[in-house]
Structures are given as structure tokens and as C-alpha cells.
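This report considers a protein model one topic at a time. Please keep the sequence and the structure at hand while reading.

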Amino acid sequence: YFKELLTKSKKDLHEMFKKTYGMVYEQNSYVFSDFFGELERYYTNGKSNLGDVMESFFNILYQKMFTVLNTQYKFDDK
């Protein structure tokens, strides 16, 4: 049952973000696809560290949002 909810959430969020943010979302949608893929792996086999998955997702999301809203800045590896 939980996997069905996860699949529905992924689909619904994708559609809502696509309508709301258009091309900006579509260019960065892999961030969400990767996140849901990690969640699916976690709930399927438990081999992912959920804390690491969440931390990685929100770090990447923050960087993407910051970059989109502040095009004059770029993140480096530091």
C-alpha cells in the first residue's frame, strides 16, 4: 500500500510542479526523480540511509532553487 502512495505522490507532484513552474521545473525535475527513486529503494530493500537521502535531496534542492532565483551566483565544489 505504501508503495502505491509513493508512486501516486511522485506522479501528482510532478504534474503540479510542471503546471506551476513549467520549464524551470522540467529542467530540474531529475532532482525529484532521483529523490523518489531513493525513497523507493529505501522502502524496497532498506539499503539506503534515509537520513542521508533526505539531507542530499534538500541540499540539492536548496542549491537549485538558489541558482534559479539568483542567476548571478554559481555553486562550486567548496
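In which helix do E38 and R41 both lie, and how many residues apart are they? Both lie in helix α2, three residues apart, which is about one turn of the helix. The model discussed here is predicted.

## Salt bridges

The count of salt bridges comes to two. One of them joins E38 and R41, whose closest N and O atoms are 3.0 Å apart. E38 is partly exposed, at 28% relative accessibility, and R41 is also partly exposed, with a relative accessible area of 42%.

In another salt bridge, the side chains of K8 and D12 meet at 2.7 Å, N to O. These two residues both belong to helix α1 and stand four residues apart, about one turn of the helix. At 34% relative accessibility, D12 counts as partly exposed. An α-helix has 3.6 residues a turn, so residues three or four places apart point the same way.

## Aromatic rings

A pair of aromatic rings is described by the distance of the centres and the angle of the planes. The count of aromatic pairs comes to eleven. In the pair of F17 and Y21, the ring centres are 5.9 Å apart and the planes meet at 55°, so the pair is tilted. F17 and Y21 are four residues apart in helix α1 (residues 2–28), a separation of about one helical turn. F17 counts as buried because its relative accessibility is 17%, and the limit for a buried residue is under 20%.

The rings of F32 and F57 have centres 5.6 Å apart and planes at 70°; the pair is therefore edge-to-face. This pair links distant parts of the chain, with F32 in helix α2 (residues 30–45) and F57 in helix α3 (residues 50–69), 25 residues apart. F32 is buried at 17% relative accessibility, and F57 is buried at 8%. Ring pairs link F17, Y21, Y25, F32, F35, F36, F57 and F58 into a cluster.

## Helix α3

The buried residues of α3 are V53, F57 and L61. Viewed down the helix axis, the buried residues of α3 fall within an arc of 55°, so they line one face of the helix. Helix α2 is included in what covers these buried residues.

## Two further buried residues

S29 is found in the loop between α1 and α2. Is S29 buried or exposed? At 16% relative accessibility, S29 counts as buried. A polar atom of the S29 side chain lies 3.3 Å from the backbone oxygen of E26.

G37 belongs to helix α2 and counts as buried, at 12% relative accessibility. G37 and T7 are 30 residues apart in sequence, while their C-alpha atoms are 10.0 Å apart in space.

Notes: Residues numbered from 1 in each chain as written. Predicted model: local features only at pLDDT ≥ 70, side-chain atom pairs only at ≥ 80, totals over all residues. Heavy atoms only, no water. Phe/Tyr/Trp six-rings, centres within 6.5 Å; stacked < 30°, edge-to-face > 60°. Buried < 20%, exposed > 50% of the residue type's maximum accessible area, 1.4 Å probe, protein only. Arc of directions from axis to C-beta. Contact = heavy atoms within 4.5 Å. Polar contact = N/O pair within 3.5 Å; in protein donor to acceptor, adjacent residues only side chain to side chain. Salt bridge = Lys/Arg side-chain N within 4 Å of Asp/Glu carboxyl O.
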